[in-house]
Amino acid sequence: MSKIIISPSILSADPANLERDVRLVEEAGAEYLHIDIMDGHFVPNLSYSANVIRALRKKSNLIFDVHLMLQDADKFIDEFAEAGSDIITVHQEAVPNLKETLKNIHSFGKKAGVSLKPGTPVDMILNVLDLTDVVLLMTVEPGFGGQSYLHQVDKKISELYKIINNQNLNIGIEVDGGITEENVNRPVRAGANIIVSGSAIFNSNNIKDTINKMRKKAEQGVQEREINNF
Ligand SMILES: O=C(CO)[C@H](O)[C@H](O)COP(=O)(O)O
Ligand SMILES: [Fe+2]
(Lines give C-alpha, C1' and ligand atoms only; values in the text may rest on other atoms or scores of the structure.)
(Ligands and ions follow the chains in the order given, each with its own letter.)
Protein backbone atom coordinates (compact mmCIF):
# COMPACT_ATOMS: atom_id res chain seq x y z
CA MET A 1 0.00 0.00 0.00
CA SER A 2 1.47 3.38 -1.00
CA LYS A 3 1.83 5.55 2.09
CA ILE A 4 -0.59 8.43 2.44
CA ILE A 5 0.92 11.70 3.60
CA ILE A 6 -1.28 14.43 5.06
CA SER A 7 -0.10 18.02 4.59
CA PRO A 8 -2.38 20.49 6.39
CA SER A 9 -2.30 23.93 4.76
CA ILE A 10 -1.79 26.71 7.30
CA LEU A 11 -3.45 29.19 4.96
CA SER A 12 -6.61 28.29 6.89
CA ALA A 13 -4.99 28.20 10.35
CA ASP A 14 -5.63 31.01 12.83
CA PRO A 15 -2.88 33.60 12.10
CA ALA A 16 -3.04 34.76 15.73
CA ASN A 17 -2.48 31.19 16.93
CA LEU A 18 -0.17 29.66 14.34
CA GLU A 19 2.06 27.92 16.87
CA ARG A 20 -0.95 26.31 18.55
CA ASP A 21 -2.50 25.21 15.24
CA VAL A 22 0.77 23.72 13.97
CA ARG A 23 1.14 21.81 17.23
CA LEU A 24 -2.42 20.50 16.88
CA VAL A 25 -1.82 19.03 13.41
CA GLU A 26 1.55 17.62 14.49
CA GLU A 27 -0.06 15.91 17.48
CA ALA A 28 -2.81 14.65 15.17
CA GLY A 29 -0.25 12.71 13.13
CA ALA A 30 0.17 14.89 10.04
CA GLU A 31 3.50 14.23 8.31
CA TYR A 32 3.94 17.52 6.41
CA LEU A 33 2.99 21.15 6.97
CA HIS A 34 1.88 22.90 3.78
CA ILE A 35 2.92 26.56 3.70
CA ASP A 36 1.47 28.70 0.90
CA ILE A 37 3.53 31.69 -0.19
CA MET A 38 1.67 34.20 -2.38
CA ASP A 39 2.96 37.39 -3.96
CA GLY A 40 -0.14 39.20 -5.26
CA HIS A 41 1.21 38.81 -8.84
CA PHE A 42 1.25 35.13 -9.76
CA VAL A 43 -1.95 34.84 -7.73
CA PRO A 44 -4.31 37.65 -6.68
CA ASN A 45 -3.62 37.26 -2.97
CA LEU A 46 -0.87 37.70 -0.37
CA SER A 47 0.09 35.28 2.38
CA TYR A 48 3.14 34.42 4.46
CA SER A 49 6.82 35.29 4.00
CA ALA A 50 9.99 33.33 4.81
CA ASN A 51 9.93 34.87 8.31
CA VAL A 52 6.95 32.70 9.22
CA ILE A 53 8.84 29.58 8.14
CA ARG A 54 11.88 30.68 10.14
CA ALA A 55 9.74 31.19 13.25
CA LEU A 56 7.78 27.95 12.89
CA ARG A 57 10.98 25.97 12.25
CA LYS A 58 11.92 26.51 15.90
CA LYS A 59 8.56 25.12 17.02
CA SER A 60 7.91 22.10 14.80
CA ASN A 61 9.56 18.94 13.49
CA LEU A 62 7.05 18.51 10.66
CA ILE A 63 8.34 18.36 7.11
CA PHE A 64 7.80 21.88 5.75
CA ASP A 65 6.17 21.62 2.35
CA VAL A 66 6.49 25.10 0.87
CA HIS A 67 4.30 26.01 -2.09
CA LEU A 68 5.69 29.09 -3.82
CA MET A 69 3.04 30.96 -5.80
CA LEU A 70 5.52 33.60 -6.85
CA GLN A 71 6.17 35.20 -10.22
CA ASP A 72 9.85 35.63 -9.28
CA ALA A 73 10.42 32.36 -7.43
CA ASP A 74 14.07 32.16 -8.58
CA LYS A 75 14.94 35.26 -6.56
CA PHE A 76 13.77 33.70 -3.31
CA ILE A 77 14.87 30.03 -3.38
CA ASP A 78 17.93 30.68 -1.20
CA GLU A 79 15.87 32.60 1.37
CA PHE A 80 13.20 29.89 1.64
CA ALA A 81 15.85 27.17 1.83
CA GLU A 82 17.74 28.97 4.59
CA ALA A 83 14.50 29.67 6.51
CA GLY A 84 13.93 25.94 7.04
CA SER A 85 11.86 24.58 4.16
CA ASP A 86 12.20 20.86 3.42
CA ILE A 87 10.35 20.71 0.11
CA ILE A 88 10.29 23.76 -2.15
CA THR A 89 7.70 23.71 -4.91
CA VAL A 90 7.58 26.20 -7.77
CA HIS A 91 4.97 26.67 -10.48
CA GLN A 92 5.85 25.53 -13.99
CA GLU A 93 3.87 28.53 -15.26
CA ALA A 94 6.04 31.01 -13.33
CA VAL A 95 9.67 30.01 -13.81
CA PRO A 96 11.41 30.52 -17.18
CA ASN A 97 14.00 27.73 -16.80
CA LEU A 98 12.47 24.97 -14.70
CA LYS A 99 15.49 22.64 -14.90
CA GLU A 100 17.81 25.31 -13.50
CA THR A 101 15.34 26.18 -10.74
CA LEU A 102 15.01 22.54 -9.66
CA LYS A 103 18.80 22.10 -9.68
CA ASN A 104 19.09 25.25 -7.58
CA ILE A 105 16.61 23.87 -5.00
CA HIS A 106 18.60 20.61 -4.84
CA SER A 107 21.84 22.54 -4.39
CA PHE A 108 20.53 23.59 -0.95
CA GLY A 109 19.85 19.95 -0.04
CA LYS A 110 16.07 20.42 -0.35
CA LYS A 111 13.47 18.34 -2.17
CA ALA A 112 12.21 19.99 -5.35
CA GLY A 113 8.57 20.17 -6.39
CA VAL A 114 6.80 21.38 -9.52
CA SER A 115 3.23 22.60 -9.41
CA LEU A 116 0.70 22.81 -12.24
CA LYS A 117 -2.46 24.91 -12.31
CA PRO A 118 -5.62 22.94 -13.17
CA GLY A 119 -5.45 23.90 -16.85
CA THR A 120 -1.73 23.18 -17.42
CA PRO A 121 -1.11 19.78 -19.03
CA VAL A 122 1.25 17.19 -17.59
CA ASP A 123 3.21 17.31 -20.89
CA MET A 124 4.75 20.58 -19.71
CA ILE A 125 6.91 18.83 -17.11
CA LEU A 126 7.83 15.54 -18.80
CA ASN A 127 11.36 16.80 -19.51
CA VAL A 128 12.06 17.64 -15.85
CA LEU A 129 10.73 14.52 -14.11
CA ASP A 130 14.27 13.25 -13.48
CA LEU A 131 14.89 16.39 -11.39
CA THR A 132 11.54 16.34 -9.58
CA ASP A 133 10.75 14.85 -6.16
CA VAL A 134 7.09 15.94 -5.99
CA VAL A 135 4.50 17.04 -8.55
CA LEU A 136 1.86 19.26 -6.96
CA LEU A 137 -1.34 19.21 -9.01
CA MET A 138 -3.63 22.10 -8.13
CA THR A 139 -7.23 20.96 -7.81
CA VAL A 140 -8.47 24.56 -7.53
CA GLU A 141 -7.18 27.74 -9.17
CA PRO A 142 -4.32 28.83 -6.88
CA GLY A 143 -4.77 31.89 -4.69
CA PHE A 144 -7.38 31.10 -2.06
CA GLY A 145 -8.38 28.44 0.44
CA GLY A 146 -11.93 27.19 0.79
CA GLN A 147 -12.71 26.62 -2.91
CA SER A 148 -14.41 23.53 -4.37
CA TYR A 149 -12.41 20.60 -5.73
CA LEU A 150 -12.20 20.56 -9.54
CA HIS A 151 -13.07 17.01 -10.59
CA GLN A 152 -11.67 17.48 -14.09
CA VAL A 153 -8.16 17.23 -12.56
CA ASP A 154 -8.75 13.54 -11.70
CA LYS A 155 -7.83 12.58 -15.29
CA LYS A 156 -4.56 14.48 -15.05
CA ILE A 157 -3.69 12.74 -11.76
CA SER A 158 -4.14 9.28 -13.29
CA GLU A 159 -2.21 10.30 -16.42
CA LEU A 160 0.73 11.41 -14.26
CA TYR A 161 0.45 8.30 -12.06
CA LYS A 162 0.78 6.05 -15.12
CA ILE A 163 3.79 7.96 -16.46
CA ILE A 164 5.56 7.79 -13.08
CA ASN A 165 4.81 4.07 -12.70
CA ASN A 166 5.80 3.18 -16.27
CA GLN A 167 9.12 4.96 -15.85
CA ASN A 168 9.61 3.54 -12.36
CA LEU A 169 10.26 7.02 -10.94
CA ASN A 170 10.24 7.91 -7.26
CA ILE A 171 8.01 11.00 -7.38
CA GLY A 172 5.21 11.94 -4.99
CA ILE A 173 1.89 13.08 -6.43
CA GLU A 174 0.48 15.86 -4.29
CA VAL A 175 -2.99 17.35 -4.68
CA ASP A 176 -3.98 20.75 -3.34
CA GLY A 177 -7.33 22.49 -3.15
CA GLY A 178 -10.85 21.69 -1.99
CA ILE A 179 -9.98 18.33 -0.43
CA THR A 180 -12.21 17.05 2.36
CA GLU A 181 -12.80 13.72 4.12
CA GLU A 182 -15.77 13.25 1.75
CA ASN A 183 -13.86 13.56 -1.53
CA VAL A 184 -10.26 12.61 -0.66
CA ASN A 185 -10.65 9.07 -2.03
CA ARG A 186 -11.10 10.43 -5.59
CA PRO A 187 -7.63 11.96 -6.12
CA VAL A 188 -6.07 9.04 -4.24
CA ARG A 189 -7.89 6.50 -6.43
CA ALA A 190 -6.46 8.37 -9.42
CA GLY A 191 -2.90 8.12 -8.02
CA ALA A 192 -2.25 10.91 -5.49
CA ASN A 193 -0.40 10.06 -2.26
CA ILE A 194 0.25 13.49 -0.69
CA ILE A 195 -2.91 15.27 0.44
CA VAL A 196 -3.02 19.00 1.12
CA SER A 197 -6.04 20.21 3.02
CA GLY A 198 -6.58 23.60 4.62
CA SER A 199 -10.11 24.69 5.43
CA ALA A 200 -11.46 21.15 5.92
CA ILE A 201 -8.87 20.54 8.65
CA PHE A 202 -8.51 23.91 10.36
CA ASN A 203 -12.19 24.85 10.26
CA SER A 204 -13.26 21.53 11.74
CA ASN A 205 -14.30 21.15 15.37
CA ASN A 206 -11.87 18.31 15.98
CA ILE A 207 -8.64 18.48 13.97
CA LYS A 208 -7.38 15.08 15.10
CA ASP A 209 -10.62 13.35 14.23
CA THR A 210 -10.75 15.05 10.82
CA ILE A 211 -7.17 14.04 9.95
CA ASN A 212 -7.82 10.46 11.07
CA LYS A 213 -11.00 10.23 8.98
CA MET A 214 -9.29 11.81 5.99
CA ARG A 215 -6.42 9.33 6.22
CA LYS A 216 -8.82 6.37 6.49
CA LYS A 217 -10.81 7.52 3.48
CA ALA A 218 -7.57 8.11 1.54
CA GLU A 219 -6.38 4.59 2.40
CA GLN A 220 -9.67 3.28 1.02
CA GLY A 221 -8.84 5.19 -2.15
CA VAL A 222 -5.48 3.37 -2.37
CA GLN A 223 -7.30 0.03 -2.08
CA GLU A 224 -9.79 1.04 -4.77
CA ARG A 225 -6.89 2.04 -7.01
CA GLU A 226 -5.19 -1.31 -6.48
CA ILE A 227 -8.40 -3.30 -7.04
CA ASN A 228 -9.19 -1.42 -10.25
CA ASN A 229 -5.53 -1.60 -11.29
CA PHE A 230 -5.53 2.08 -12.23
O1 LIG B 1 -2.41 26.50 -2.52
C2 LIG B 1 -3.47 26.77 -1.99
C3 LIG B 1 -4.34 27.85 -2.57
O4 LIG B 1 -3.69 28.40 -3.64
C5 LIG B 1 -3.90 26.06 -0.70
O6 LIG B 1 -2.88 25.15 -0.33
C7 LIG B 1 -5.22 25.33 -0.84
O8 LIG B 1 -6.21 26.16 -1.33
C9 LIG B 1 -5.64 24.66 0.44
O10 LIG B 1 -6.82 25.14 0.97
P11 LIG B 1 -8.23 24.37 0.92
O12 LIG B 1 -7.97 22.96 1.36
O13 LIG B 1 -9.07 25.15 1.85
O14 LIG B 1 -8.71 24.41 -0.52
FE1 LIG C 1 -0.91 25.23 -1.63
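1. Strands here are DSSP runs of E of at least two residues, helices are runs of H or I of at least four residues, and both are numbered from the N terminus; two strands pair if DSSP finds at least two bridges between them.

2. On provenance, this is a predicted model, in which local features need pLDDT of at least 70 and side-chain atom pairs count only at pLDDT 80 or more, while totals for chains, interfaces and linings use all residues. Residues are numbered from 1 along each chain as its sequence is written, and chains are lettered from A and ligands numbered from 1 in the order in which they are written.

3. The overall arrangement is an open sheet of eight strands with parallel pairing, in the order β1-β8-β7-β6-β5-β4-β3-β2. Its edge strands, each pairing on one side only, are β1 (5-8) and β2 (32-38).

4. Strand β6 (residues 134-138) deserves attention, since five of its five residues are buried, a residue being buried if 20 or more other C-beta atoms lie within 10 Å of its own, exposed if 12 or fewer, and partly exposed in between, with C-beta atoms placed from the backbone. Val-134, Leu-136 and Met-138 point one way from the strand, whereas Val-135 and Leu-137 point the other way, and all are buried.

5. Five bridges join β6 to β7 in parallel, and Leu-137 has Val-175 in β7 as its bridge partner. Strand β7 (residues 172-176) is in turn joined by three bridges to strand β8 (residues 194-197), again in parallel, with Ile-194 in β8 as the bridge partner of Glu-174.

6. Within the loop between α5 (153-166) and β7 lies Asn-168, whose phi is near 55°, a positive value in a residue other than glycine. Most residues other than glycine have a negative phi. Asn-168 counts as exposed because it has 6 C-beta neighbours inside 10 Å.

7. The largest nonpolar core has 67 residues, and Leu-33, Val-66, Leu-68, Ile-88, Leu-137, Ile-157 and Ile-195 touch the most other members; such a core is a set of buried Ala, Val, Leu, Ile, Met, Phe, Trp, Tyr and Cys residues joined through C-beta atoms within 7 Å.

8. The unreviewed UniProt entry annotates His-34, Asp-36, His-67 and Asp-176 as "binding site", and such annotations may be inferred rather than shown by experiment. These positions are spread over 143 residues of sequence, yet they cluster in space, with a largest C-alpha distance of 10.5 Å.

9. Two of these positions can be described further. Asp-36, found in strand β2, counts as buried because it has 24 C-beta neighbours inside 10 Å; His-67, in strand β3 (residues 63-69), is buried because 27 other C-beta atoms lie within 10 Å. Leaving aside neighbours within four places in sequence, His-67 is in contact with residues including His-34, Asp-36 and Asp-176, contact meaning that the C-beta atoms, placed from the backbone, lie within 7 Å. On the same terms, the contacts of Asp-36 are Ser-9, Leu-11, Ser-47, His-67 and Met-69.

Conventions:
Contact = placed C-beta atoms within 7 Å.
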